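Hi,

Here is the structure I promised to pass along. Have a look at it first, and my notes follow below.

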Amino acid sequence: MIDKHLHFTGSLSPTYVYRKLQESNQAFLDKYSILSPDDLSYTFVSMFGNDYKLNQQKFNEMYSLVQSVTKPKNTNEIYQTYRLATRELALNLARFGISEYTIIAGPDITIDNTYKRYIGMIQGFEDVEKLHKAAKGKICITFIRTQSGELKNYSYKLLSDICKLLQQEPFKSRCVGFDISGYEYPDKNILESNLCVLSEIIEISKTFCLKTTVGLHAGEIITGTTQDELYDEYFVNLSKLQLDNIGHGTYLWANDTKQKILKLFSGHTRFDLCPGSNALLTPIKRIDSNRLDMLNKCGVEYTINRDDPLFFNNWRQR
Ligand SMILES: [Zn+2]
């Protein structure tokens, strides 16, 4: 099985996270009577209710909780922490028959720490690939938007340093894409600045002759709101950039009135759909076949992915 859209923190192995919680937040395990790693994803998914907006808050809390116990405490630990975490992540994916995967992971704000983080991850993949011959891990480099929509780990300098890194092995064959993820703040200037960053990434990857794909998380949650006009324009502009992939894109494919815009992505942009996150974090409870038919009818390629299986407990998704 293949998964092209797995976030690093949201795909960590329950065994690994359970051990980290035992080390530094036993209170959480006690509070929810979590007695084994197998209970962990189940407990997370049980915390969600029917209100998708409340679920978004809970999702952010879970993310922060896991990050608080898994992030390296100082720079000396970056390499080893990412190597171990990735090794267990990849072993766990193998357990569920997921052999080819792209892990979405943000760079650090300095190139030195970014180097340690990605080389640690690559080494973690290699550790597992010695045991599981079919396994193949790749990295998608993501710049992350904060709650106010600003990119927290992006600068042109960092981008160009990363591009230099990507000219050499093992980064060249492992870091296969660029992405923008996180909160999509509905503000004209902020959306425009995302377009500028994407143009910069496209431009610089050409300069460095990189084969890296360029995509972003767009229209993940917003559907049929008063911001429609703003988002229509945003998506039309995105289509002109001929991106390789769009994460989620729910705004377009979940709405019958957006087919004209959806068609603009035909032939060049793949949509990476994530039913688990749709069911819990958006007003859409499931992706029915009509929706997939619409993507086909509009000539838009798509894949189905898990997004954050640690929290959605959709490890076994087909
Ligand atoms: Zn995602």
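**Notes on the backbone and one serine**

Serine 33 is exposed, its relative accessible area being 53% (buried is under 20% relative accessible area, exposed over 50% and partly exposed in between, using a 1.4 Å probe and protein chains only). Before the rest, some ground rules: this is a predicted model, in which local features need pLDDT of at least 70 and side-chain atom pairs count only at pLDDT 80 or more, while totals for chains, interfaces and linings use all residues. Residues are numbered from 1 along each chain as its sequence is written, and side-chain values use heavy atoms, with hydrogens and water left out.

Back to serine 33: its phi is near 50°, a positive value in a residue other than glycine. You will find serine 33 in the loop between α2 (26-31) and α3 (37-46); helices (H or I, at least four residues) and strands (E, at least two) are DSSP runs, numbered from the N terminus.

Glutamine 242 also has a positive phi, near 50°, without being a glycine. Its place is the loop between α10 (228-240) and β6 (245-248).

Then there is a cis peptide bond between glutamate 169 and proline 170, with omega about 5°. Proline 170 belongs to the loop between α7 (156-165) and α8 (171-174). For background, most residues other than glycine have a negative phi, and most peptide bonds are trans.

Finally, serine 277 sits in helix α13 (residues 275-281) and is buried, at 3% relative accessible area. Setting aside neighbours within four places in sequence, serine 277 contacts His248, Thr282, Asp307 and Phe312, where contact means heavy atoms within 4.5 Å.

Best wishes
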